[in-house]
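Subject: Handover of a structure

Dear colleague,

Please find the structure below, together with its sequence.

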Amino acid sequence: MQAIKVHPALEPLSWLIGHWKSVKACGHYPTIKPFTYCEELTFESLGQPLLNYSSKTWHPIEKHPMHFESGFLRINPGTCNVAFMVSHKFGVVSLEEGTVTGNTLNLRSVTVNHMSFSKEPTVTGIARSYEFFPDTQKLNLVVSMATSNTDLTEHLQVEYE
């Protein structure tokens, strides 16, 4: 099988391509108790100006699945503008847009929608910031979330290798 070439438009995001595993991951939010978890995420190139994305999380002790999401990270060729389309297992879909600058990717939702029978409070906004550290080959992620009851607030912090 021949290796798939990475589309030239993805050069600004090349540092993100690969399989990442959490070294430490924690969550907190005003309405829940703080927690820790484990996560694996993948950004994979299929030769187009976009990356396939998947993330799965599990409980660090009990090992049961916690969350799953998947989608696509697309770059507007010739720019540093990106769009991240994500579907979450609990019935939320988001379109987040932002920019990649150096080793940092910042995204903020422009659209969030959910299935008609989602439980309250519903997610109304998401912001993500990825930062790659070439010296250590580590990737950090901070996710913030807004709900129908809470303004945009930091929710997750993850360090991957």
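To begin with charge, the chain carries 12 positive and 15 negative side chains, and the centres of these two sets are 5 Å apart. In this count Lys and Arg are positive and Asp and Glu are negative, while His and the chain ends are not counted. Each charge is placed at NZ of Lys, CZ of Arg, CG of Asp or CD of Glu.

Please note that this is a predicted model, in which local features need pLDDT of at least 70 and side-chain atom pairs count only at pLDDT 80 or more, whereas totals for chains, interfaces and linings use all residues. Residues are numbered from 1 along each chain as its sequence is written, and side-chain values use heavy atoms, with hydrogens and water left out.

Overall form

The chain has eleven strands and zero helices; both are DSSP runs numbered from the N terminus, helices being H or I of at least four residues and strands E of at least two. Along the principal axes, the C-alpha atoms fill a box of roughly 45 × 35 × 30 Å.

The accessible surface of the chain is about 9,100 Å², and 56% of this belongs to carbon and sulfur atoms. Areas come from the Shrake-Rupley method with a 1.4 Å probe; for residues, only the protein chains shown count as cover. Of the 161 residues, 41% are buried. Buried means under 20% relative accessible area, exposed over 50%, and partly exposed in between. Among contacts (heavy atoms within 4.5 Å) between residues at least 6 apart in sequence, 40% join residues at least 24 apart.

Ser 54 has Ser 70 in S5 as its bridge partner. Six residues lie between the strands of this hairpin, where Lys 63 takes a positive phi near 70 degrees.

S5 is also joined to strand S6 (residues 81-88), antiparallel, by seven bridges. Here Ile 75 stands opposite Val 82. The hairpin of S5 and S6 has five residues between its strands, and Gly 78 in the turn has a positive phi of about 85 degrees.

Pro 49 lies in the loop between strand S3 (38-45) and S4. Pro 49 counts as buried because its relative accessibility is 15%. Leaving out residues up to four places away in sequence, Pro 49 touches His 7, Ala 9, Leu 10, Arg 74, Ile 75 and Pro 77.

Lys 138 is found in strand S10 (residues 138-147) and, at 19% relative accessibility, counts as buried. Beyond its neighbours within four places in sequence, Lys 138 is in contact with residues including Trp 20, Val 23, Phe 132 and Tyr 160.

Lys 119, in the loop between strand S8 (104-114) and strand S9 (123-133), counts as exposed at 72% relative accessibility. The C-alpha atoms of Lys 119 and Gly 91 are 9.7 Å apart, with 28 residues separating them along the chain.

With kind regards

Conventions. Two strands pair if DSSP finds at least two bridges between them. Buried means under 20% relative accessible area, exposed over 50%, partly exposed in between (1.4 Å probe, protein chains only).
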